[in-house]
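Subject: Structure handover

Hello,

Here is the structure I promised to pass on. Please open it next to this email and follow along.

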Amino acid sequence: MQARHCRTRRTCVAPGQGFHDGKISHARTRRLLPRKIKPPAGSGNHPGPSGIRGRLLICTYGPRNQQLTQDKTMLFYDADNPTPNVMPVRMFIHERDGLALDTTIISLAELENRGRNYRETVNRRGEVPALRGQDGQVITEIIAICEYLDEKATGGRSLIGDTPEHRAHVRMWTRRVDLEIAQPVVAWWRGSSDAEDFYMGYRTLAPEAQRFHRLLAEQGMNMLDEEMEARHYICGDKMMLADILLFGTMFTMSMTGAWINNPNRKNLAAWSERMRVSGSARAALTSLAGAKDSLA
Ligand SMILES: N[C@@H](CCC(=O)N[C@@H](CS)C(=O)NCC(=O)O)C(=O)O
């Protein structure tokens, strides 16, 4: 999926050329309301891709941000594709429930994320997703975003845990799947020639370590497969942040790395299928703003 972006973009990120200077304008934004809140009749609301109702707003980036800061509505910077970092947060939002936030799409295909406007006003690192919190501060790094959203949700079920022990357990597994599987899988892709095209002049890559990263990820998945014996989800009998992080990464990365979904890892394969058919995974294929993604 990302590979498709690369070929058209090579010239924008050639060494020494600096960043693409894309402007974020006419971003598509949609306000998501907690499922239990019924939108007022005649307000133009319509069902979103996952049955969530939202109001589609067309606006420019700058004024919208000011307005959002004033009315303290969280703003989620989504992408135009369910990428390995975007998909887990989208899934988390759907699975968590009880959240009210606006969404704007940052086009990876158009390199909006590397544009000066996005880097200066949202994320200097030029990465998505990001979340502007209720205090106007931008949060990046997907686990931090999910943790924040979990605390901000009103109603629904916590996906981090309800007691100190439960939270510690979920965080332990989340860190394990991130370090042992998700990051090596992403590093594996970043060692491919597609990634080289996409990131030329933008990220330091290590194609010579590609095999090593795959071995690390395989080892992590093998271990988890053994540990998942007789468990429905990674932390027990409920889908939690660790499941969402891992599934979002594995599902999106398996589009380019078929080796990730190895049917010989039977427990992991059964878990993956359980996750795949869940409502939140299906809903997360489409951006929260309701735009059609290439995979949807
Ligand atoms: N460390 C960040 C990683 C975010 C990230 O790498 N996002 C990717 C999309 S999956 C991105 O923005 N790639 C576009 C680019 O680097 O140009 C996190 O955990 O949220």
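**His 169 and its contacts**

His 169 touches Gly 161 and Cys 235, leaving aside residues up to four places away in sequence. Touching, or being in contact, means that two C-beta atoms, placed from the backbone, lie within 7 Å. His 169 sits in helix α6, residues 164-189. Helices (H or I, at least four residues) and strands (E, at least two) are DSSP runs, numbered from the N terminus. His 169 counts as partly exposed because it has 17 C-beta neighbours inside 10 Å. The cut-offs are these: buried takes 20 or more other C-beta atoms within 10 Å of the residue's own, exposed takes 12 or fewer, and partly exposed is in between; C-beta atoms are placed from the backbone. Ala 242 is 73 residues from His 169 in sequence, and their C-alpha atoms are 10.0 Å apart.

**Before you read on**

This is a predicted model: local features need pLDDT of at least 70, side-chain atom pairs count only at pLDDT 80 or more, and totals for chains, interfaces and linings use all residues. Residues are numbered from 1 along each chain as its sequence is written.

**The whole chain**

The chain has eleven helices and seven strands. Of its 296 residues, 39% are buried. Take the contacts between residues at least 6 apart in sequence: 74% of them join residues at least 24 apart.

**The core**

Which residues touch the most other members of the largest nonpolar core? They are Phe 92, Val 185, Leu 241, Ala 242 and Leu 246, out of 64 residues in that core. This core draws at least three residues from each of domain 1 (2-152) and domain 2 (164-280). A nonpolar core is a set of buried Ala, Val, Leu, Ile, Met, Phe, Trp, Tyr and Cys residues joined through C-beta atoms within 7 Å. The domain bounds come from an automatic or database domain assignment. Val 185 touches Ala 217, Thr 249, Met 253 and Ile 260, not counting residues up to four places away in sequence.

Look at β4, residues 74-79. Six of its six residues are buried. Met 74, Phe 76 and Asp 78 point one way, while Leu 75, Tyr 77 and Ala 79 point the other way. In a regular strand the side chains alternate between the two faces of the sheet.

β4 pairs with β5 (residues 101-106) in the parallel sense, over six bridges. Strands pair if DSSP finds at least two bridges between them. Tyr 77 has Thr 104 as its bridge partner in β5. Ala 79 stands opposite Ile 106 in β5.

β5 is largely enclosed by the rest of the structure, because six of its six residues are buried. Leu 101, Thr 103 and Ile 105 point one way from β5. Asp 102, Thr 104 and Ile 106 point the other way.

Arg 132 lies in strand β6. Is Arg 132 buried or exposed? Arg 132 counts as buried because it has 22 C-beta neighbours inside 10 Å.

**Around the ligand**

How many residues surround the ligand? There are 13, and the closest are Thr 83, Asn 85, Glu 127, Val 128 and Ile 142. Near here means that the C-beta atom, placed from the backbone, lies within 6 Å. The shell divides into five nonpolar, five polar and three charged residues. Ala, Val, Leu, Ile, Met, Phe, Trp, Tyr, Cys and Pro count as nonpolar, Asp, Glu, Lys and Arg as charged, and the others, Gly among them, as polar.

Glu 127 is 13 residues from Arg 114 in sequence and 7.7 Å from it in space, C-alpha to C-alpha. Arg 114 is in the loop between β5 and α4 (116-121).

Most residues other than glycine have a negative phi, and most peptide bonds are trans. Val 128 and Pro 129 are joined by a cis peptide bond, with omega about 0°. Leu 111 has a positive phi, near 60°. Glu 141 also has a positive phi, about 75°. Glu 141 is in the loop between β7 (138-139) and α5 (142-152).

Best wishes
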